[in-house]
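Subject: Handing over the structure

Hi,

Here is the structure I said I would pass on.

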Amino acid sequence: MTEERLALLVESFLEGTLTAEERAELEALVRSDTVLRERFLGHVRLHVRLHGECARVDEAKAVELILSVDSDARRVKVWRAVEARLRERRSPASFSAWPWVAAAAGVLLVALAVALAGPRPSPEKPPAARAAEPPVGEPPPEPRVAEETTPSRSAAGERPLPPRRPEAAAPAEAELPKKAEEGLPPKPAAAPGAEPPRPPEAAPKVAPPPSPSRPESRAAIATLEPGRDILEGERIETTYEPGILRFPDGTRMELAPGTLVRRVTVERGKRVEMERGGVAAEVARQPAGQPMVFVTPQAEAAVLGTTLRLAVDGKGTRLEVLEGRVRLTRLSDRKSVDVAAGFFAVAAAGSDFAASRIVDEVFLAPAQGRIRGSEWRLVRDPLAFGGQALEARGVKTAPPGQMDLRNRLADFVEFAFIAEANKDYHVWVRGAATAAADKTRHDAVGLEVPTGRFVRPSSWPEVAAFGGHEFNGWGHRAGWWWIGGDADPDTPADRSDAVPALVRFSRHGVQVLRLFAIESPLRIDAIWLSTTQKTRPEPERRGPGR
Amino acid sequence: MSGDVETLARRVKAGDRQAFAELYAATQRELRIFVSAHAASPEMVDEVLQVTYVSCWYSIGHYEPRGTFLAWLKGIARHHLLKALREQSRSVPLDRLICEEALVRIERAPEDPEPLEECLRRLSPAARDLLERRYRAREPLVALAQALGRTKSWVAVTLFRIRETLRRCLAESGGTA
């Protein structure tokens, strides 16, 4: 083990570009050698510290927090006051200005649903089909390099490294290595020849390439299910159905309906040039120096082996990484951002270009709520999740058409949490009617979302008037259960919670949700916002995966 | 600054939302350094900071200025750090090792890490410049190699050696990195 080899392994690990083989090698090293393990851990610690020491102070985060905690007119004043203090580098563009994201989200749901149903190649054991990858025809080139723009050193809050003392000598250890090429991983050999292309079959889901004509002499580089070969440089367009593209190395791409891929090439590493639409991809481990590259009008994503989702339209590109790590480069300024598993980033004009956490599920417990006013209190309840519930008392029940919901302005429970913009969250509230008699007249609450909106307006005019949504009907069953809107059995099906309430937030980050009482007494012990839970959960279901 | 922070904390506690932005700006750097000294990855640092400030906003009504506000804030951050490390310690082997080691360290290490600045000052200009590009500008290895006319291996080895130097420097000053 040379120091160069060790350095390259550690550095690749820290950068998130370690291959499965390299990871196994590094694991074996740190397992067998305690001194080396301590060195490795020391490098990780310093790496994280250096990131922290060098990070720019992002005051814009404070604005995000402030916006989330107060929705009244005062917020506007605060926003302006704080924004005036911030540097002009941040643009407060709202996702709500991007209808494309909403459209793409729908597309992605379809793509994801199909992706989750399909087999997932293990990154540790690439599929056997990988050996049959078509020849690239020439030695692999150096990877395309994304030129990053160094952020302005004069930006507010930024703190440069301390100046070097003139008298201090440079440590010899930090001198530049002489044998620069040592330790480089071997370049992959050219793959064996591929079978000649099969004649194209009818593929009703996919529009054929309009032009140019298909040169039959070229080799197939992938298969578009149910069995149509895709040639180097070919264009693919899906119409009303999704398409599944498989490469010989096991890489699998789900193309959402309405997706246009201008070109697919493999000559110098897989390259997919997208014009619009959505893709969910499971990318098998790619050869060293040959990442799979997705190119969109706004960005470029280099992938060494991962699972991702990509949504593209004329205004922006959104990348979600489910496994591994992807480097997304914004083409307008060549800035790059590393997107790790569980994170997403958006490349579009006027938006922050940074990785943010993907949030598909939000589960809110009573203790997370901040109680305002006198109608709500936190109580012990052995039958509630966690033994605690929010109890509403003292609200008068009014007949339909005469509800006065002004109590919600002073008496509510406020929750703050992180959620994404322009994603549809199904809302479920678990509660129990606790009135001694006439329970069905004492079993309604409402929700307001100051940082977002309900996609379908409430069917109760008094609640719809301020953009809230009712959750009603716990009195029709005994015990605790989940409700997604109006669960009263007398409610017409098209207005009942057979289709749960949907909420959508206008910007990514901290969101606020307020729970208020319409009738009482009743108890609530959980609120669940889910992108996947579309049908009523079982009464004892404690949120995602539980 | 400490006095300013305490004043800001009192204002936020009294409901002054604008003061929250100022409080954030005044404490963010120190808190980030604290979290960075114990976290397992840069992504974990960002996550913990985010939830810490949200928790701070919602808990500041309970803040009693017996100690310093920063110490109180670090207590919240430490709680979230432990949670994040425990969650990720069920990960794949190398990441698990890092999280488990960080959990042990955070339990017995002092609250604040040894200052790194003095050791950074002692580096050569070339080394410092490379760190600036790698960690402030977040330039990838390949991009750095191309910009410097070197190979990726050269950049990796150089960064590795710079960190070795920093490790030794910190060890001499009583640190643990």
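Below is what I found, starting with a few ground rules.

This is a predicted model, in which local features need pLDDT of at least 70 and side-chain atom pairs count only at pLDDT 80 or more, while totals for chains, interfaces and linings use all residues. Residues are numbered from 1 along each chain as its sequence is written, chains are lettered from A and ligands numbered from 1 in the order in which they are written, and side-chain values use heavy atoms, with hydrogens and water left out.

**Chain A overall**

Chain A has seven helices and 29 strands (DSSP runs numbered from the N terminus: H or I of at least four residues for helices, E of at least two for strands). Of its 546 residues, 53% are buried; buried means under 20% relative accessible area, exposed means over 50%, and partly exposed is in between, using a 1.4 Å probe and protein chains only. The chain exposes about 23600 Å², with carbon and sulfur atoms supplying 54% of that (areas are from the Shrake-Rupley method with a 1.4 Å probe, and for residues only the protein chains shown count as cover). If you take contacts (heavy atoms within 4.5 Å) between residues at least 6 apart in sequence, 65% of them in chain A join residues at least 24 apart.

**Two helices packing in chain A**

Now find α1 (residues 3-15) and α3 (residues 34-54) of chain A, which pack at an angle of about 45° with their axes 11 Å apart. Axes here are lines fitted to C-alpha atoms, for helices over the stretch in contact, and angles run from 0 to 180 degrees between N-to-C directions. The two helices are therefore oblique to each other: under 35 degrees would be roughly parallel, over 145 roughly antiparallel, 65 to 115 roughly perpendicular, and the rest is oblique. On the α1(A) side, the residues in contact include A:Leu6, A:Val10 and A:Phe13, and on the α3(A) side they include A:Phe40, A:His43 and A:His47.

A:Leu29 is in helix α2 (residues 20-32) of chain A, and at 17% relative accessibility it counts as buried.

**Helices in chain B**

Helix α7 (residues 125-136) of chain B has 12 residues and reaches 15 Å, close to the 16 Å expected. Nine of its 12 residues are buried, so α7(B) is largely enclosed too. What covers them? The cover includes α1 and α3 of chain A, along with α6, α8 and α9 of chain B.

Just after α7(B), B:Arg138 has a positive phi of about 55°, although it is not a glycine. B:Arg138 is partly exposed, at 38% relative accessible area. A:Asp438 also has a positive phi of about 55°, and sits in the loop between β22 and β23 of chain A. Finally, a cis peptide bond joins A:Ser520 and A:Pro521, with omega about 5°; A:Pro521 is in the loop between β28 and β29 of chain A.

Cheers

Key
Expected span 1.5 Å × (residues − 1).
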